[in-house]
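I opened this model to go through its charged pairs, its sheet and a few backbone angles. My entries follow in the order I made them.

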Amino acid sequence: MSETVTIATLDENGDSFDAYIARPKGEAKAAIVVIQEIFGVNAGIRRKCDKLAEEGYLAIAPDLFWRLTPGVELDPDIEPEFNKALEMMGNFDQDMGVRDIQATINYVRDLTQSGKVGAVGYCLGGRLAFMTAARTDVDATVGYYGVGIDNLLGEKEAIANPVMLHIPTEDGFVDKHTQKAMHEGLDEHPKATLYDYEGLDHGFATEFGERRSEDAAELADSRTAAFFDQHLT
């Protein structure tokens, strides 16, 4: 069962934003916040939520671009839409985005019996997942091909709960120097687990479109499933 819900911001000024929520058939094991790519809460992100609901989680994807344009849905395989997504990423306030993720965590924490909340993000959402791990009270976090995480490593000591990162080695948006910095900064972190995917490019675990690599996506998603099963249930 899925629907769109409205979440109040942390600012207490009356502002709110929409989120797509998918519920399991029975009692939810826990809740998971699905953090969008630069393409908005599109069909692929909604499918991520639906699949998590099929696995027994309550899954929710907040519209993080609402301050720019509410309801953005872009297709990465259509060049003008891809370029529009890059433009929106450049104008997006990531700090405010993390505050909206915290508001989403607050919203769903009381909707499950366990009260536990995880987060998983992709692309820009992978970066925001790392920021979420460092800045919120999330219980477990996963980031897929997060961009610019090398510039966030100064926040790593604030990470108190488990975090997993999936890193394609041929990521066109995350160069080798950045990947090396991520490993050097996080391999010894007691809460961090990093997986490399040799020869894979950015977006390999997308649900739809040309970027998907089936075998690698299934491997990464199986690791994510085991991670959430361990830390949220």
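R46 belongs to helix α1 (residues 43-54) and E73 to the loop between β4 and α2, so the pair links distant parts of the chain, 27 residues apart. Helices here are DSSP runs of H or I with at least four residues, strands are runs of E with at least two, and both are numbered from the N terminus. R46 is partly exposed at a relative accessible area of 24%, and E73 is partly exposed at 46%. I use buried for under 20% relative accessible area, exposed for over 50% and partly exposed for in between, with a 1.4 Å probe and protein chains only.

I note the conventions here: this is a predicted model, where local features need pLDDT of at least 70 and side-chain atom pairs count only at pLDDT 80 or more, while totals for chains, interfaces and linings use all residues. Residues are numbered from 1 along each chain as its sequence is written, and side-chain values use heavy atoms, with hydrogens and water left out.

The count of salt bridges comes to 16. I checked K180 and E184, whose closest N and O atoms are 3.9 Å apart in a salt bridge. They are about one helical turn apart, because four residues separate them in helix α5 (residues 176-186). Both K180 and E184 are exposed. I also checked R212 and E214, which form a salt bridge with closest N and O atoms 2.9 Å apart; E214 is partly exposed at 41%. A network of salt bridges links D11, R67, R99 and D100.

**D63.** D63 sits in the loop between β4 (58-62) and α2 (79-91). A polar atom of the D63 side chain lies 3.3 Å from the backbone nitrogen of F65. Beyond neighbours within four places in sequence, D63 has contacts (heavy atoms within 4.5 Å) that include F17, Q36 and P70.

**Sheet.** I traced an open sheet of eight strands, ordered β1-β2-β4-β3-β5-β6-β7-β8, with mixed pairing; two strands pair if DSSP finds at least two bridges between them. β1 (2-8) and β8 (192-197) are the edge strands, each pairing on one side only. The twist from one strand to the next averages 20 degrees. Strand β3 (residues 31-35) runs parallel to β4, joined by three bridges, and A31 stands opposite L58 in β4. Helix α3 (residues 94-109) packs on the sheet and makes about 115 degrees with the direction of β1. For such angles, axes are lines fitted to C-alpha atoms, for helices over the stretch in contact, and values run from 0 to 180 degrees between N-to-C directions.

**Backbone angles.** Most residues other than glycine have a negative phi. I looked up two with positive values. C123, in the loop between β5 and α4 (124-135), has phi near 65 degrees and is buried at 6%. Y145, in the loop between β6 (140-144) and β7 (163-168), has phi of about 35 degrees and is buried at 1%.

Technical notes
A polar contact is a pair of N or O atoms within 3.5 Å; within protein, one must be able to donate a hydrogen and the other to accept it, and residues adjacent in sequence count only if both atoms are side-chain atoms. A salt bridge is a side-chain nitrogen of Lys or Arg within 4 Å of a carboxyl oxygen of Asp or Glu.
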